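Here's a quick briefing to read with the structure open.

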There are 2 protein chains.
Amino acid sequence: MNIETYIHQFIDPDYKFGNLPFEIKEKTIRKNEVISDYNVIEQNMYFLQSGIVQVSIEANAETKILDFFFPGSFFCSYTSSLTQKPSDVQLLAISDCQVQIFKIIDLQNAYSYSLLANKLGRIETEKLYLKKVKREKDFLTKSAEERYVDILNDNPAFIDLIPVNKIAKYLGIQPESLSRIRKQK
Amino acid sequence: MNIETYIHQFIDPDYKFGNLPFEIKEKTIRKNEVISDYNVIEQNMYFLQSGIVQVSIEANAETKILDFFFPGSFFCSYTSSLTQKPSDVQLLAISDCQVQIFKIIDLQNAYSYSLLANKLGRIETEKLYLKKVKREKDFLTKSAEERYVDILNDNPAFIDLIPVNKIAKYLGIQPESLSRIRKQK
């Protein structure tokens, strides 16, 4: 899937191909490449066509994983892109990735006049919001085991591609605890 | 402040008064009134003109506070309004509140054609997203004491109006721990 088929399918069924209000480029990103680093102001928005991306933060000299992105998603250091302040997260390709890229400044310009750009920005931000709220509520109401089962159910095609220690860092538990949970499944 | 002055000031400086793409009503809500309850599908969006609203969730037979809203903010059971599924949060007026209200269905209709509605929805969702991400990162990287100081600094005009036990529930600590922190300030 590419940005235009995504927009046609999920944002506006009347979208006419070739009418994006910003210019896009294609890029291949290698496994373990940093896509957007700590302390850098985010300049780009990405659409993930293949591969998996992790979002991490440094907390008390430890790396915590806040999020994973799977194919068919927009991603970037979103807080930094909105505030235009240096990012406190890092985006890392945890497998080879194929992406489409456009510039945040082009998106911001399009927001001033384009109904399509605003629909896209609104709907994608709603998705990111729902994902964050779900994560907050799940930490308050579910055990690590229940949250692990959720990940398995939500992303059956991709979960085997994420190293176990990264899943543990996302769940906020020790790798040994996750091994115990996995053995019981 | 009302919705139209807010839109003129923060969403679109070219906004001409009297051109909202949805109908609004005014309402007074009494202290301790439930605005939007658990297990109900959210039908309304609110703009808070005065007063304070809390968002709570039931977790392991305990009430946790996820958020407070202060004057000059849009609020509702936002996850429920987006998914149109029964809400797992409750909105409660913790002081007398004056609000403006419009219907989610009117907003959704306006999203199909109105640049202004989409700008408003996008920008307000960006704000909610930034607030959620900040809360997630703060839980990972800051002590309860640092998070309490943040609340004081962010909302100096309102924080005295929130009962201490509610602030403790928002910080995820025992009231006694918060009392200790407050005595040191």
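**Helix on sheet, and what sits around it**

In chain B, helix H3 (residues 104-111) lies across E3 and strand E8 (97-103), running at about 50° to E8(B). Bear in mind that this is a predicted model.

- Four strands make up an open sheet here, in the order E1-E8-E3-E6 (chain B), and the pairing is antiparallel.
- Strand E1 (25-29) and strand E6 (73-75) of chain B sit at the edges with a single partner strand each, so one side of each has no neighbour in the sheet.
- On average, neighbouring strands of this sheet are turned by 35° against each other, direction ignored.
- Strand E3 (residues 44-50) of chain B and E6(B) run antiparallel and are joined by three bridges.
- If you want a residue pair to look at, Tyr46(B) has Phe75(B) in E6(B) as its bridge partner.

**The sheet in chain A**

- Chain A also has an open sheet of four strands, ordered E1-E8-E3-E6 and paired antiparallel.
- E1 and strand E6 (73-75) of chain A are the edge strands; each has a single partner strand, so one side of each is left without a neighbour in the sheet.
- From one strand to the next, the twist averages 35°.
- Three bridges link strand E3 (residues 44-50) of chain A with E6(A), and the two run antiparallel.
- Phe47(A) has Phe74(A) as its bridge partner in E6(A).
- Helix H3 (residues 104-111) of chain A packs on the sheet and touches E3 and strand E8 (97-103) of chain A, with its direction at about 50° to that of E8(A).

**A hairpin in chain A**

- Strand E4 (residues 53-59) and strand E5 (residues 62-69) of chain A run antiparallel, joined by seven bridges.
- Together, E4(A) and E5(A) form a hairpin with two residues between them.
- In the turn, Asn60(A) has a positive phi of about 50°.
- Ser56(A) finds its bridge partner in E5(A), namely Ile65(A).

**Salt bridges**

- Over all chains, the structure holds 24 salt bridges.
- One of them pairs the side chains of Lys119(A) and Asp12(A), at 4.0 Å from N to O.
- Lys119(A) belongs to helix H4 (residues 115-141) of chain A, while Asp12(A) is in the loop between helix H1 (3-11) and strand E1 (25-29) of chain A, so this pair ties together parts that are 107 residues apart in sequence.

**Where the chains meet**

- Chain A and chain B each put 33 residues into the contact.
- About 3100 Å² is buried between the two chains, 66% of it on carbon and sulfur atoms.
- On the chain B side, Arg122(B), Tyr129(B) and Lys137(B) lose the most area to chain A, together 21% of what that side buries.
- Six salt bridges cross the interface of chain B and chain A.
- Lys132(B) forms a salt bridge with Glu136(A), with the closest N and O atoms 2.8 Å apart.
- The elements giving two or more residues to the chain B side are strand E4 (53-59), strand E5 (62-69), helix H2 (78-83) and helix H4 (115-141) of chain B.
- H4(B) gives the most to that side, with 17 residues.
- By class, the side of chain B that touches chain A has 14 nonpolar, nine polar and 10 charged residues.

Methods
Residues numbered from 1 in each chain as written. Chains lettered and ligands numbered in written order. Predicted model: local features only at pLDDT ≥ 70, side-chain atom pairs only at ≥ 80, totals over all residues. Heavy atoms only, no water. Contact = heavy atoms within 4.5 Å. Buried area = accessible area lost by both parts, 1.4 Å probe. Nonpolar A, V, L, I, M, F, W, Y, C, P; charged D, E, K, R; others polar. Pairing = 2+ DSSP bridges. Axes fitted to C-alpha atoms, helices over the stretch in contact; angles between N-to-C directions.
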